[in-house]
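Keep the sequence and the model open while reading.

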Amino acid sequence: MRQHRRTLRLLGSLLLVAMAASVTGAAPAPAASPTLDRVIPAPASVAPGGSPYRITRGTHIRVDGSRETRGVGEYLARILRPSTGYRLPVTTQGAGGIRLRLAEGPFGAEGYRLDSGRAGVTITAARAAGLFHGVQTLRQLLPAAVEKDSVQPGPWLVAGGTITDTPRYGWRGAMLDVSRHFFTVDQVKRYIDQLALYKINKLHLHLSDDQGWRIAIDSWPRLAAYGGSTEVGGGPGGFYTKADYKEIVRYAASRYLEVVPEIDMPGHTNAALASYADLNCDGVAPLLYTGTEVGFSSLCVGKEITYDFVDDVIRELAALTPGRYLHIGGDEAHSTSHEDYVKFMDRVQPVVAKYGKTVVGWHQLTGATPAPGALAQYWGLDGTSAEEKAQVAKAARNGTGLILSPADRVYLDMKYTKETPLGLSWAGYVEVRRSYDWDPGAYLPDVPGGAVRGVEAPMWSETLENSAHIEFMAFPRLPGVAELGWSPAATHDWERYRGRLAAQAERWDALGIEWYRSPQVPWPAAGGR
């Protein structure tokens with residue numbers, strides 16, 4: 001699929017508008033500003049009322065003296081300046097306008113309060129992350145044209161009232177598979193910006209698999225140089241230098257996302273096995289792999305060099321990653337016996353702790369003994385066996401936290417319908433309602449509520465080659481997963497949600513986002529495909 005462009009349609013629309021204006025002598029009516037109850041994810045509390053605030057040429061963005069608050073203010077100014085054409089200086093002086101304020105309160109690490117009235121808009125939070133999330137809400141309270149990169153007519157009205165908001169879960173993630181197809185730093189940054197709009201706070205990067213190794217490791221240089229030289233279908237692949245990876249981490253942090261790197265093991269390791277023969281039990285390196293089968297590769301559990309390799313990789317990756325977590329995969333290890341799998345995980349999990357990180361693994365980790373504090377990421381289906389679900393629930397009752405990523409609900413690479421030109425369907429077809437209409441807190445039987453740490457939407461890339469492909473599969477499902485992670489369970493209602501989701505379409509068009517026009521949603525007349 002080639003990147004879809006709307007340039008001709010947009011030029012045609014502008015021509016019709018100009019012709020109409022010349023006949024009637026009047027400009028087209030501006031779009032109405034969104035109301036407080038149209039935000040995604042749905043806020044915890046909304047109290048509309050009072051006069052709106054109007055951003056004008058004289059508006060200032062007022063911040064306190066902290067570096068973090070100024071950074072959020074500058075971020076907001078960079079969004080608003082191109083479309084409004086206003087200077088919007090970021091300053092510690094004056095009154096009114098848009099104010100970003102750190103103060104103690106019942107906000108937690110990521111919550112905020114937004115107050116809007118005739119005199120201005122104030123966003124208050126206890127931490128800078130809360131201010132940033134409040135800014136995302138403010139964006140959605142402005143007309144969608146605010147997202148465009150050229151001057152628009154306005155007016156720029158923010159509805160009056162108060163929003164008080166804190167997230168339901170602390171883990172609201174999205175995974176991007178850069179191994180099956182490689183995505184550049186700029187492509188990852190583009191996705192980060194889209195995730196931030198919906199208050200996602202974790203970017204899980206799947207950095208290694210059978211088809212490619214994507215991160216430079218100094219002590220094992222052929223991993224990237226050779227193991228990263230291909231991808232599904234035989235393309236050129238690629239890898240991130242350490243500087244590239246640091247830039248992704250920095251950029252994600254500037255959007256208040258924590259990068260969670262994943263090195264999948266002991267399976268999904270053909271790229272590593274092809275790079276170093278000694279990692280194979282028979283000492284023979286396999287050929288590089290460009291297909292899409294799974295479960296055929298395994299590190300050699302009985303060789304000590306395997307654990308030297310794991311130690312080096314985890315050490316170097318942990319040193320590059322300021323976040324708390326490191327994902328060690330552990331799924332689909334079909335070529336590893338259960339006994340060897342348990343032995344391997346018993347050896348590897350302490351290595352993660354040795355370098356100051358907390359283990360995350362796919363839920364097959366619960367078939368071994370998860371380390372204290374470890375998180376298991378559940379990717380089973382509604383129809384997964386009761387025995388497998390019980391194994392996960394038992395680990396949860398014993399203290400293992402859970403991240404919920406059921407494949408037939410939130411795997412963003414699953415086809416919407418059989419006609420979808422991208423994606424896979426092994427977990428079934430996942431339309432927008434199916435992706436949204438479930439409760440993470442009640443999804444797995446016999447799991448204590450406190451064991452669920454959040455949700456994550458994986459994006460596997462067997463069929464995805466560019467940003468347009470990523471966006472088409474993510475939108476419109478990603479905002480719903482974000483809402484499941486952020487919003488109180490009481491706000492989850494499909495009929496109300498589908499109306500709010502439809503209102504996002506104009507914003508996606510303004511941002512140049514590709515999206516799927518699901519028949520389940522009452523979209524505006526234009527946009528999508």
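## Helix α15 and its cover

Helix α15 spans residues 494–502, and its buried residues are Trp494, Tyr497, Gly499, Arg500, Leu501 and Ala502. Buried means under 20% relative accessible area, exposed means over 50%, and partly exposed lies in between (1.4 Å probe, protein chains only). Helices are DSSP runs of H or I with at least four residues, strands are runs of E with at least two, and both are numbered from the N terminus. The cover over the buried residues of α15 includes α12 (432–436), α14 (477–486) and α16. Contact here means heavy atoms within 4.5 Å.

## Basis of the model

This is a predicted model, with residues numbered from 1 along each chain as its sequence is written. Local features need pLDDT of at least 70, side-chain atom pairs count only at pLDDT 80 or more, totals for chains, interfaces and linings use all residues, and side-chain values use heavy atoms, with hydrogens and water left out.

## Helix α4

α4 has 13 residues. From its first C-alpha to its last it reaches 19 Å, close to the 18 Å expected at 1.5 Å a residue. That expected span is 1.5 Å times one less than the number of residues. Is α4 mostly covered or mostly uncovered? It is mostly covered, with 10 of its 13 residues buried.

The buried set of α4 includes Val188, Tyr191, Ile192, Leu195 and Leu197. Lys189 is also among the buried residues of α4, as are Gln187 and Gln194. Just after α4, Lys199 takes a positive phi of about 65°. The charged end of Lys199 sits over the ring of Trp486, 5.6 Å from its centre. A charge counts as over a ring if NZ of Lys or CZ of Arg is within 6 Å of the ring centre and within 35 degrees of the ring normal. Arg477 lies over the face of Tyr416, at 3.8 Å from the ring centre.

## Salt bridges

The whole structure holds 28 salt bridges. Each is a side-chain nitrogen of Lys or Arg within 4 Å of a carboxyl oxygen of Asp or Glu. Which residue forms a salt bridge with Arg190? The partner is Glu471, with the closest N and O atoms 2.4 Å apart. This pair links distant parts of the chain: Glu471 lies in helix α13 (residues 467–474) and Arg190 in helix α4 (residues 185–197), 281 residues apart. Glu471 is buried at 1% relative accessibility, whereas Arg190 is partly exposed at 30%.

Arg113 and Asp115 also form a salt bridge, with their closest N and O atoms 2.9 Å apart. Arg113 is partly exposed at 26%, and Asp115 is partly exposed at 23%. Glu68 and Arg67 meet at 3.5 Å, N to O. Glu68 is partly exposed at 35%, while Arg67 is exposed at 67%. A network of salt bridges links Asp177, Arg180, Asp209 and Glu462.

## Aromatic pairs

A search of the whole structure finds 26 aromatic pairs. Rings of Phe, Tyr and Trp (its six-membered ring) pair if their centres lie within 6.5 Å; planes under 30 degrees apart count as stacked, over 60 as edge-to-face and the rest as tilted. Trp171 and Tyr325 have ring centres 4.9 Å apart and planes at 70°, so the pair is edge-to-face. Trp171 lies in strand β10 (residues 171–177) and Tyr325 in strand β15 (residues 325–327), so the pair ties together parts 154 residues apart in sequence. Trp171 is buried at 3%, and Tyr325 is buried at 11%.

Phe472 and Tyr516 have ring centres 5.9 Å apart and planes at 75°, so this pair is edge-to-face. Phe472 lies in helix α13 and Tyr516 in the segment after α16 (505–511), so the pair ties together parts 44 residues apart in sequence. Both residues, Phe472 and Tyr516, are buried. Ring pairs also join Tyr198, Phe475, Trp508, Trp515 and Trp523 into a cluster.

## Nonpolar cores

A nonpolar core is a set of buried Ala, Val, Leu, Ile, Met, Phe, Trp, Tyr and Cys residues joined through side-chain atoms within 4.5 Å. The largest has 141 residues, of which Trp213, Ile215, Tyr240, Tyr245 and Phe309 touch the most other members. Helix α8 (residues 304–320) gives the largest share of this core, 8 residues.

A second, separate core of 9 residues includes Tyr411, Met414, Val430 and Trp460.
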